[in-house]
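Trainee: Could we go through this model together? I would like to start with the overall picture and then move to details.

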Amino acid sequence: MFILPLALMIYAFIDCLNTPEEDTKHLPKIAWVFIILLFWVVGSIGWLFAGKVRHSAAGGAGLSSWQPGRRQQWVAPDDNPDFLKSLKDDKDDKK
């Protein structure tokens, strides 16, 4: 009964600390930290549902999902068309 709310609070606290300031919603990041620490369950649930901008699970490979100033999701080399094209270009150069 004590461990589950504590684990939820720790997860929300670490998630809040690792979230960039521009991704927080409704309140400044420091306010969310205090809310999570002061109100264990309510603050943690509030952070998970209303405190952070959530991104789609697809990661957004299209141009419409690109936003300036935002980090892009890491793509494995075998899924990266630019990397595969560079391998093909290197192979053609060696001939």
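Trainee: How much of the protein chain is made up of buried residues?

Mentor: Of the 95 residues in the protein chain, 17% are buried, where buried means under 20% relative accessible area, exposed over 50% and partly exposed in between, with a 1.4 Å probe and protein chains only. Keep in mind that this is a predicted model, in which local features need pLDDT of at least 70 and side-chain atom pairs count only at pLDDT 80 or more, while totals for chains, interfaces and linings use all residues. Residues are numbered from 1 along each chain as its sequence is written, and side-chain values use heavy atoms, with hydrogens and water left out.

Trainee: And how many helices and strands are there?

Mentor: The protein chain has four helices and zero strands, taking helices as DSSP runs of H or I with at least four residues and strands as runs of E with at least two, numbered from the N terminus.

Trainee: Switching to side chains, how many aromatic pairs turn up in a search of the whole structure?

Mentor: The search finds two; rings of Phe, Tyr and Trp (its six-membered ring) pair if their centres lie within 6.5 Å, and planes under 30 degrees apart count as stacked, over 60 as edge-to-face and the rest as tilted. Phe2 and Trp40 form a tilted pair, at 5.7 Å centre to centre and with 50 degrees between the planes. This pair links distant parts of the chain, since Phe2 is in the segment before α1 (3–18) and Trp40 is in helix α3 (residues 40–51), 38 residues apart.

Trainee: Is Phe2 buried or exposed?

Mentor: Phe2 counts as exposed because its relative accessibility is 53%, whereas Trp40, at 32%, counts as partly exposed.

Trainee: Why is the pair of Trp32 and Trp47 edge-to-face?

Mentor: The ring centres of Trp32 and Trp47 are 5.6 Å apart and their planes are at 65 degrees, so the pair is edge-to-face. Trp32 lies in helix α2 (residues 29–38) and Trp47 in helix α3, so this pair ties together parts that are 15 residues apart in sequence. Both Trp32 and Trp47 are buried.

Trainee: Back to α2, then: which of its residues are buried?

Mentor: They are Lys29, Trp32, Val33 and Ile36. These residues lie on the same side of α2 because they cover an arc of only 105 degrees around the axis, the arc being that of the directions from the helix axis to the C-beta atoms. On the other side of α2, Ile30 and Leu38 are exposed.

Trainee: What covers the buried residues of α2?

Mentor: The cover includes α1 and α3.

Note on methods:
Contact = heavy atoms within 4.5 Å.
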